[in-house]
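Please find below a short note on the model under review.

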Amino acid sequence: MEKGLLNPLDVMQECVQLALMGKGYTKTNPCVGAIVAKDNKIISRGWHMAYGEAHAEVNAIDSCPESVEGADIYVTLEPCSHFGKTPPCVEKIVASGIKRVFIGVVDPNPVNAGKGVEYLRQHGVEVFIGYMEELCASIIEDFSKFIYTGMPYFTVKLAQSVDGKIASRTGDSKWITSHSSRAYAHYLRAVSDAVLVGVSTVEQDDPELTVRLIKSDREPYKIVLDPNGRMSLERKLVQNSKDKLIYVTSDRNKNIDKYEKCGIDVLSVPCTENGLDLQYLSKKLIERKILNVMIEGGGKTVGSFFDAGLIDKADFIIAPIVIGGDRVSVCGNGVESVSLAHKLTDVQTRMFEGDMLYSGKVTDFTKPVLELTEKIRGCSSCGCSAHKG
């Protein structure tokens with residue numbers, strides 16, 4: 001590459017960082033970042049800031065201090081070609097006079113997949129596809145799962161001892177992990193739409209489930225699973241976070257009125273032989289525009305989601321202590337044999353003081369997006385034969 005020329009890979013990596021600034025605000029929309037460049041200089045940046053508001057491309061174009069005529073735009077996800085909460089971004093790009101569009105990955109949403117590329121090409125805009133594809137696909141895995149399955153993206157976050165315990169035999173759990181680990185957990189809350197716990201955790205720990213240890217201007221919803229109506233109305237979640245509380249209980253619970261009368265959002269769910277119907281719950285959460293759900297415990301609740309095959313990612317924060325006892329981090333029925341164990345892929349580790357974060361995927365929703373991107377890149381019918389980055 002000639003000296004002084006922008007490296008598309010570097011620019012796309014910065015686009016990803018911009019996209020992540022919208023994490024936690026976009027609900028069932030994907031997080032997207034965009035950069036406008038002209039004469040080998042970046043002249044503006046933008047990202048999708050909130051659900052229902054302008055998309056990344058529009059924000060980047062509108063914030064330019066000069067004309068974008070003849071400029072390039074880099075965007076992590078294919079620009080939309082359909083009317084949704086906002087007009088199509090491809091029309092904005094064409095009308096602005098931008099001449100080249102560099103795309104990270106193709107949009108998995110069938111209402112757009114490849115159509116944005118086709119529209120741009122038909123209107124004289126050069127399109128280049130496939131820059132930092134794996135990274136761009138990874139930041140929209142939650143959205144991709146929603147598109148492909150209609151379900152939320154579930155992440156389990158556990159703070160446990162090295163022997164897999166989340167509390168002592170008396171129920172004491174404060175604090176197993178370090179302050180740095182807990183601050184990271186609060187960051188995870190801040191970028192999640194909701195935090196989910198079982199009623200036993202609420203009754204034993206009386207948690208707030210708020211974002212306190214980092215600076216944030218948003219709070220996630222707090223979801224409590226309580227099949228039989230055990231939760232006390234004196235708990236902090238009821239007293240302090242009623243407007244963000246979703247109380248999930250069995251449709252056979254005779255105490256529902258007690259919770260509805262105090263202004264709680266009550267979600268009545270049918271039961272299966274294994275407890276609350278988590279598939280049904282998942283669909284109801286999507287109806288509430290809740291896409292990212294972080295499950296924080298306890299062991300029975302975490303195990304039930306693993307048993308239901310709903311967990312997509314696992315973040316285990318492991319403290320270098322041994323507690324003993326039977327308060328294990330993952331209960332449920334478990335698997336019948338080791339060969340059927342839930343396998344983590346793309347595993348990453350990180351240290352927080354003396355604790356180790358062990359993070360990995362249980363499911364992988366980047367692969368179908370990468371395959372679609374490759375297909376559209378080589379699709380002669382829409383003229384998008386790629387210049388690979």
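1. Confidence. The model is predicted. Mean pLDDT for the protein is 93, and 96% of the residues reach 70 or more. Where pLDDT is low, the predicted coordinates should not be read in detail.

2. Overall form. The protein contains 13 helices and 16 strands. Its radius of gyration is 23 Å, close to the 21 Å that the globule rule gives for 389 residues, so the protein is as compact as a globular protein of that length. The C-alpha trace spans about 65 × 45 × 40 Å along the principal axes.

3. Packing and surface. Of the 389 residues, 51% are buried. When contacts between residues at least 6 apart in sequence are considered, 71% join residues at least 24 apart. The accessible surface comes to about 17,900 Å², and carbon and sulfur atoms account for 49% of that area.

4. Charge. There are 46 positive and 50 negative side chains. The centres of these two sets lie 3 Å apart.

5. Helix H12 and its surroundings. In H12, residues 299-307, the buried residues are Gly-299, Thr-301, Val-302, Gly-303, Phe-305 and Phe-306. Their packing partners include strands S6 (153-161), S7 (194-198) and S8 (221-225), as well as helix H11 (278-287). Strands S13 (292-297) and S14 (311-319) are also packed against by the buried residues of H12. The loop between S13 and H12 holds Gly-298, and the peptide bond from Gly-297 to Gly-298 is cis, with omega near 0°. After H12 comes Gly-309, which has a positive phi near 70°.

6. Trp-175 belongs to the loop between S6 and helix H7 (179-190).

7. Lys-27 is not a glycine, yet its phi is positive at about 55°. This residue sits in the loop between helix H1 (8-20) and strand S1 (33-38), and Lys-27 counts as partly exposed because its relative accessibility is 37%. Asp-39 likewise has a positive phi, near 55°, and is placed in the loop between S1 and strand S2 (41-47). With 66% relative accessibility, Asp-39 counts as exposed.

Key
Residues are numbered from 1 along each chain as its sequence is written. This is a predicted model: local features need pLDDT of at least 70, side-chain atom pairs count only at pLDDT 80 or more; totals for chains, interfaces and linings use all residues. Side-chain values use heavy atoms; hydrogens and water are left out. Helices (H or I, at least four residues) and strands (E, at least two) are DSSP runs, numbered from the N terminus. The radius of gyration is taken over C-alpha atoms; the globule rule is 2.2 Å times the number of residues to the power 0.38. Buried means under 20% relative accessible area, exposed over 50%, partly exposed in between (1.4 Å probe, protein chains only). Contact means heavy atoms within 4.5 Å. Accessible areas come from the Shrake-Rupley method with a 1.4 Å probe; for residues, only the protein chains shown count as cover. Lys and Arg count as positive and Asp and Glu as negative; His and the chain ends are not counted. The place of a charge is taken as NZ of Lys, CZ of Arg, CG of Asp or CD of Glu. pLDDT is the predictor's confidence in each residue, from 0 to 100.
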